Amino acid sequence: MKILVCISKTPDTTAKIAFTDNNKKFATEGVQWIINPYDEWYALVRAIELKEKDPSLVLHLITVATADSDPIIRKALALGGDEAIRVNADSQDSFYVASQIAAVAKSGAYDLVFTGKETIDYNGSSVGGMVAELLDLPYISLATKFELAGTTVTVTREIEGGEETDEGQLPIVVSCEKGVAEQRIPNMKGIMSARTKPLKVVDPTPVEALTSVVAFELPPAKAGVKLVPADNPAELVRLLHEEAKLI
Amino acid sequence: MSVLVFVDHIDGHVKKASLEAMCYGTKLAENLGLECAGILLGTVSEDLAGLGKYGPKKIYQVKNESLNQLEARLDTKVLAEAVKSSGAKVIIFAHNPSGKAIAPRLSARLKAGLVSGAVSLPDTSNGFVVKKNVFSGKAFAHVNVTTDIKIISLIPNSYPITTSAAQAEVIDLSIQPDSPRVKTGTVSKSSGEIPLTEAEVVVSGGRGLKGPENWGMIEELAKLLHAATACSRPVADAHWRPHNEHVGQTGITIAPNLYIAIGISGAIQHLAGVNRSKVIVVINKDPEAPFFKAADYGIVGDAFEVVPKLIEAVKKMQGIS
Ligand SMILES: Cc1cc2nc3c(=O)[nH]c(=O)nc-3n(C[C@H](O)[C@H](O)[C@H](O)COP(=O)(O)OP(=O)(O)OC[C@H]3O[C@@H](n4cnc5c(N)ncnc54)[C@H](O)[C@@H]3O)c2cc1C
Ligand SMILES: Nc1ncnc2c1ncn2[C@@H]1O[C@H](COP(=O)(O)O)[C@@H](O)[C@H]1O
């Protein structure tokens, strides 16, 4: 049984979002990078839990990124996993990334591919579904619970205003969100052993991206808050009714 | 050639996010000189010709009850055939759980560029450039799609619904789906009647409310305003409220018309999930709470005093008491 967990890096959640080059590039100066929270807290931790239950299971991590992502992938290895694979390329767009992951997943004959629900910088929610399609595998997205028994997976997934529980068979692709696992902190042993775990660098397969970002834009600043006295919420109701016309 | 809108449904009814997608698709088709059509997989209880009032001239239906449940792999194959037979150039999804499952698959299958989480109509003056949400609501990206066929998923509550008296022509498409490889099972609905992602008004509570026992007033206010309820992350982490109410950078991203934040400090990760709300109201006892900088209206005061009074004032306006 082989599991592949997709790991991406994103700016720290408190990073200042700004752009350079005529709003064409994200300003990376001073930005701290983290493992995308959905990948780290949910997908990776759930995979580690599966391996703790069944140590014979092989757990690999994959990232599509250039060498400056190595610290991030080592950090992920410090949490767990046997080895990491880095496809040495810029993540041009979701399709490009998914094609790289699918190629590795296919040649490595993985039974289970985990992704995060979405990257918190590009917010695509796309890579998992694309990987599944490229491998012609079933895909269960937005998982909030994941159980594995033999080759049967039972997954609870988010739907509008509720949840649905589905059943599928390996091999399968699953995107993970809150609920699937609880965030962990790497321990010293993990950090030390991560240094010696293999990090394989592979060349990308040639594919064309289907989209490109032409520019970024920041949302307009708010005009400023209109304060209403605490003893007069009726005035707030009047403003929302008459001025904002929302209630 | 057409703009094809995926018409998503649940419990026999077309989802509101798909009504928005139809209006969006109709306007886009008009801008491109194309026709807008909808495609519905499975069956619903409402009259499909009536969907014409949201703009589509045609509604294709693959009438097969096995398609009522989402199975992204099957649905994608069926849609790919429908795209071919209808000559669709642009396919529109709602950026909701179904859209997030199917749109990327269809994109990979057709090698059609996808812009997910779009917030407005494409600019076609120089290419096909779609504005989308990035950095979890902290910014937008303008993304150019370079492929012949294009796919867009539209964030719910980003495009207004307008209606006319028109009727659509309903066309049966006979496409035989494969057998499913995922068995869909039990559905559990959360307590709120209005799904958070579709809600026009959201009342949200944070750690300032002290404990789950104090959510009665939040629910009462929400009910009066036909609002969904939401919460900050620590509130969900402490199990005061269910996970699916947690909004923010690592929870659900929402853009209601009105977001009322009560006892929430307004941390950057919380703001990320809600700052595209059209109007934000903040009730917090600390005048220095960062949320006030992102707010349109605010009350500096104790929630336990302010909210009951607010409820009374709403009732009075609605003529309930
Ligand atoms: C990687 C990462 C991701 C995160 N993702 C999210 C996310 O997705 N969503 C999210 O919400 N948070 C997220 N957080 C947490 C975030 O940083 C804040 O800790 C959190 O939003 C604070 O929640 P809160 O405002 O409810 O609580 P607090 O920060 O404790 O604020 C409580 C507020 O209530 C006010 N208050 C107290 N008593 C009263 C009263 N009686 N009446 C009125 N007001 C009162 C206080 O003045 C205070 O402003 C994330 C953090 C990290 C590090
Ligand atoms: N460059 C990448 N390398 C590896 N995995 C990625 C990469 N980008 C995205 N992913 C995975 O795909 C998920 C969804 O990403 P996205 O479609 O960009 O929102 C993420 O949570 C990751 O698990």
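1. A nitrogen atom of ligand 2 lies 2.9 Å from a backbone N or O atom of Val64(A), in a model that is predicted. One is 2.9 Å from a polar backbone atom of Cys6(A), and one is 2.8 Å from a polar backbone atom of Ser125(A). Taken alone, ligand 2 exposes 480 Å², and the protein buries 95% of that; accessible areas follow the Shrake-Rupley method with a 1.4 Å probe, and for residues only the protein chains shown count as cover.

2. Around ligand 2 there are 19 residues, a residue being counted as near when one of its heavy atoms lies within 4 Å. Those that come nearest are Asp39(A), Val64(A), Thr119(A), Ser125(A) and Ser126(A).

3. Residues are numbered from 1 along each chain as its sequence is written, while chains are lettered from A and ligands numbered from 1 in the order in which they are written. In this predicted model local features need pLDDT of at least 70 and side-chain atom pairs count only at pLDDT 80 or more, whereas totals for chains, interfaces and linings use all residues; side-chain values use heavy atoms, with hydrogens and water left out.

4. Chain A has 6 helices and 15 strands, taken as DSSP runs numbered from the N terminus (helices H or I, at least four residues; strands E, at least two). Its C-alpha trace spans about 65 × 45 × 40 Å along the principal axes. The accessible surface of chain A comes to about 10500 Å², with 53% belonging to carbon and sulfur atoms.

5. Between the two chains, 78 residues of chain A are in contact with 89 residues of chain B, contact meaning heavy atoms within 4.5 Å. Chains A and B bury about 7100 Å² between them, 59% of it on carbon and sulfur atoms; this buried area is the accessible area (1.4 Å probe) that two parts lose on being put together, summed over both. On the chain B side, Arg105(B), Phe135(B) and Tyr297(B) lose the most area to chain A, together 11% of what that side buries.

6. Ligand 1 lies between chains A and B. Of the 28 residues around ligand 1, the nearest are Arg207(B), Ser232(B), Thr250(B), Ser265(B) and Gln269(B). The shell divides into 7 nonpolar, 15 polar and 6 charged residues; Ala, Val, Leu, Ile, Met, Phe, Trp, Tyr, Cys and Pro count as nonpolar, Asp, Glu, Lys and Arg as charged, and the others, Gly among them, as polar.

7. A nitrogen atom of ligand 1 is 2.7 Å from an N or O atom in the side chain of Thr250(B). An oxygen atom of ligand 1 is 3.0 Å from an N or O atom in the side chain of His246(B). Taken alone, ligand 1 exposes 990 Å², of which the protein buries 81%.

8. Asn64(B) is found in the loop between β5 (58-62) and α2 (72-86) of chain B. Asn64(B) counts as buried because its relative accessibility is 17%. The side chains of Asn64(B) and Ser66(B) are joined by a polar contact of 2.8 Å.

Notes
A polar contact is a pair of N or O atoms within 3.5 Å; within protein, one must be able to donate a hydrogen and the other to accept it, and residues adjacent in sequence count only if both atoms are side-chain atoms. Buried means under 20% relative accessible area, exposed over 50%, partly exposed in between (1.4 Å probe, protein chains only).
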